[in-house]
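Hi,

Here is the structure I said I would pass on.

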Amino acid sequence: MAWTTPEHVRAGWLLDPVDLPGDDALTTLIGRAERILKRLDRTLATRVAGDPELEDTARDVVAAMVLRVVTNPEGIRSYSETTGPLTTSVTHSGDDPGGIYVTDTEKDVLGIRRGRRRQQVFSAPTSRRGRPL
């Protein structure tokens, strides 16, 4: 079940509402964002279902992920325009401008562990069939 609806995304949009894509496109992006989060933490859907505050947080994170794509759909890192003596430039941050991704801060607020695997202790063989190596 989707946590986020196109209306949640629209509520976070600060620019002209005409610039937002339609509900079908937003629903597709929402689905992609939620699948990414669920792949990062297989227990997230269960945790969200049992915690209304976490559900609100997940909704906020998904909306932010979608808005990053909608804000920069071409994936442009930097853009500048010069007209006479005036120059305007815009630089988009992030590892994947225009892409759908989750930030480390968003992972933290959702309780998703960030890429750290627990170290495991293992033993190396010191002999082969009773004989030292």
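This is a predicted model: local features need pLDDT of at least 70, side-chain atom pairs count only at pLDDT 80 or more; totals for chains, interfaces and linings use all residues.

As for the overall layout, the chain has five helices and four strands. Reading from the N terminus, the order is α-α-α-α-β-β-α-β-β. The chain has 133 residues, and 29% of them count as buried. Its accessible surface is about 9800 Å², with 51% of that belonging to carbon and sulfur atoms.

Next, have a look at helix α2, which covers residues 23-40. Its 18 residues reach 26 Å from the first C-alpha to the last, close to the 26 Å expected at 1.5 Å a residue. The buried residues in α2 are Leu26, Leu29, Ile30, Gly31, Ala33, Glu34, Ile36 and Leu37. What covers them includes α1 (6-12), α3 (44-49), α4 and α5 (104-110).

That brings me to Val62, which sits in helix α4 (residues 52-71). Is Val62 buried or exposed? Its relative accessible area is 0%, and buried means under 20%, so Val62 is buried. Which residues does Val62 touch, leaving aside neighbours within four places in sequence? They are Trp3, Thr4, Ile30, Ala33, Glu34 and Leu37. Ile30, Ala33, Glu34 and Leu37 are also among the buried residues of α2. Another α2 position to check is Arg32: Val62 and Arg32 are 30 residues apart in sequence, and their C-alpha atoms are 9.2 Å apart in space.

Cheers

Definitions and conventions:
Residues are numbered from 1 along each chain as its sequence is written. Side-chain values use heavy atoms; hydrogens and water are left out. Helices (H or I, at least four residues) and strands (E, at least two) are DSSP runs, numbered from the N terminus. Buried means under 20% relative accessible area, exposed over 50%, partly exposed in between (1.4 Å probe, protein chains only). Accessible areas come from the Shrake-Rupley method with a 1.4 Å probe; for residues, only the protein chains shown count as cover. Contact means heavy atoms within 4.5 Å. The expected span of a helix is 1.5 Å times one less than its number of residues.
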